Amino acid sequence: MYVWPCAVVLAQYLWFHRRSLPGKAVLEIGAGVSLPGILAAKCGAKVILSDSLELPYCLEICRQSCQMNDLPCMQVVGLTWGHISQDLLALPPQDIILASDVFFEPEDFEDILTTVYFLMQKNPKVQLWSTYQVRSADWSLEALLYKWDMKCVHIPLEAFDADKDDIAESALPGRHTVEMLVISFVKDSL
């Protein structure tokens, strides 16, 4: 299985913060091969993996990743961004939401933030830890974050020992800049 550079960077961020993970409730959205979620589980977090309910093969990849990493009991749920489902309603409050390269298509940005907003209502202190590959300088989350009473902090990769040069040497075509974000509720909205 191929692991995207964004997943590697998010895993590096988790590894850097591994001592704070034991016992944390963590949800990985758009999990795919689930590298960040698997690492969080190996570090002691209580992890739920999710991918689109409309893409059953993605959910199967999550399950296979769990099996290959000796985590056969990890919960895998189908969540479609922007849709309220029984699985979304049944999720317990989370401490951390992981998202590796989910901000891929601008038409999905609001659906993703709608889902995250719903989860933040259950626990206003939850943070979304996200990495994404910069694809266009014209794409921005700023207006949507403002709309949903969220704020964003950009985390320099050097702050957690991520090597930009190694990431830039990936086999992906085009631009390879990877960014790390921590998104949370604006304090005044609580």
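**Notes on the fold and the helix packing**

1. Start with the sheet: 7 strands make up an open sheet, ordered 3-2-1-4-5-7-6, with mixed pairing. At the edges sit strand 3 (75-78) and strand 6 (150-155), each of which pairs on one side only. From one strand to the next, the twist averages 25 degrees.

2. Keep in mind that this is a predicted model. The average pLDDT for the protein is 88, and 88% of the residues score at least 70. Among the elements, strand 1 (residues 25-29) has the highest mean pLDDT, 98, while helix 7 (residues 164-168) has the lowest, 50. Where pLDDT is low, the predicted coordinates should not be read in detail.

3. Inside the sheet, have a look at strand 5 (residues 127-133) and strand 7 (residues 178-185), which pair in the antiparallel sense over 6 bridges. If you want a landmark for that pairing, take Ser130, whose bridge partner in strand 7 is Leu181. As for what lies against the sheet, helix 3 (residues 56-68) packs on it and touches strand 2 (46-51) and strand 3. The direction of helix 3 makes about 175 degrees with that of strand 3.

4. Now the helix pair. The axes of helix 1 (residues 5-16) and helix 2 (residues 35-42) come within 8 Å of each other and cross at roughly 20 degrees. That angle is under 35 degrees, so the two helices count as roughly parallel to each other. The crossing of helix 1 past helix 2 is right-handed.

5. Who makes that contact? Helix 1 puts in Ala7, Val8, Leu10, Ala11, Leu14 and Trp15, and helix 2 answers with Leu35, Pro36, Leu39 and Ala40. Sorted by class, the contact of helix 1 with helix 2 comes to 10 nonpolar residues, with no polar and no charged ones.

Note on methods. Residues numbered from 1 in each chain as written. Predicted model: local features only at pLDDT ≥ 70, side-chain atom pairs only at ≥ 80, totals over all residues. Heavy atoms only, no water. pLDDT = per-residue confidence, 0-100. Helix = DSSP H or I, 4+ residues; strand = E, 2+ residues; numbered from the N terminus. Axes fitted to C-alpha atoms, helices over the stretch in contact; angles between N-to-C directions. Parallel < 35°, antiparallel > 145°, perpendicular 65-115°, else oblique. Left-handed = near helix turned anticlockwise from the far one by under 90°. Contact = heavy atoms within 4.5 Å. Nonpolar A, V, L, I, M, F, W, Y, C, P; charged D, E, K, R; others polar. Pairing = 2+ DSSP bridges.
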